[in-house]
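Colleague: I am new to this structure. Please walk me through it, one question at a time.

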Amino acid sequence: MPDRLLTVAQVAELLGTSERFPRRLIEERRIEYVHVGRHVRIAESAVHGYLAANTVHPVVPRRQLGVAA
């Protein structure tokens with residue numbers, strides 16, 4: 001199945017932000033987008049890729065030697 005193309009408003013809703021944020025991502029070319037005539041669309045996979053690339057994973061502390069629990 002082909003990737004779904006989302007509007008800026010749909011991307012903002014998916015990310016839980018205002019429309020200004022995805023527009024800034026487009027302007028700064030930090031996310032892939034497609035021109036459909038005069039409109040801009042963002043592939044759903046590009047949104048998920050952006051989220052994956054910007055996800056910060058927690059740091060697991062190394063066990064300290066010589067420290068009693």
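Modeller: First, two terms. Buried means under 20% relative accessible area, exposed over 50% and partly exposed in between, with a 1.4 Å probe and protein chains only. Helices (H or I, at least four residues) and strands (E, at least two) are DSSP runs, numbered from the N terminus. This is a predicted model: local features need pLDDT of at least 70, side-chain atom pairs count only at pLDDT 80 or more, and totals for chains, interfaces and linings use all residues. Residues are numbered from 1 along each chain as its sequence is written, and side-chain values use heavy atoms, with hydrogens and water left out.

Colleague: What pattern does the protein chain follow along the sequence?

Modeller: The protein chain has 3 helices and 3 strands. Read along the sequence, their pattern is β-α-α-β-β-α.

Colleague: What share of the protein chain's residues counts as buried?

Modeller: The accessible surface comes to about 6000 Å² (Shrake-Rupley method, 1.4 Å probe; for residues, only the protein chains shown count as cover). Carbon and sulfur atoms hold 54% of that surface. Of the 69 residues, the buried share is 19%.

Colleague: Which residues of α3 are buried, and why do they line one face?

Modeller: An α-helix has 3.6 residues a turn, so residues three or four places apart point the same way. The buried residues of α3 are Ala46, Val47 and Tyr50. Seen down the axis of α3, they fall within an arc of 100° (taken from the directions from the helix axis to the C-beta atoms), so they line one face of the helix. That face holds Ala46, Val47 and Tyr50.

Colleague: Which elements do the buried residues of α3 pack against?

Modeller: Contact means heavy atoms within 4.5 Å. By that rule, the buried residues of α3 pack against β1, α1, α2 and β3.

Colleague: Which residues of α2 are exposed on the face turned away from its buried side?

Modeller: Helix α2 spans residues 20-27, and its buried residues are Pro22, Leu25 and Ile26. They fall within an arc of 100° seen down the axis of α2, so they line one face. These buried residues pack against α1 (8-15), β3 (39-43) and α3 (44-53). The face turned away carries Arg20 and Glu27.

Colleague: Is Pro2 buried or exposed?

Modeller: Pro2 is found in the segment before β1 (5-6). The C-alpha atoms of Pro2 and Ala43 are separated by 9.7 Å, though these residues are 41 apart along the chain. With a relative accessible area of 71%, Pro2 is exposed.

Colleague: What is the relative accessibility of Val34?

Modeller: Val34 is found in strand β2 (residues 34-36). Val34 counts as partly exposed, at a relative accessibility of 36%.
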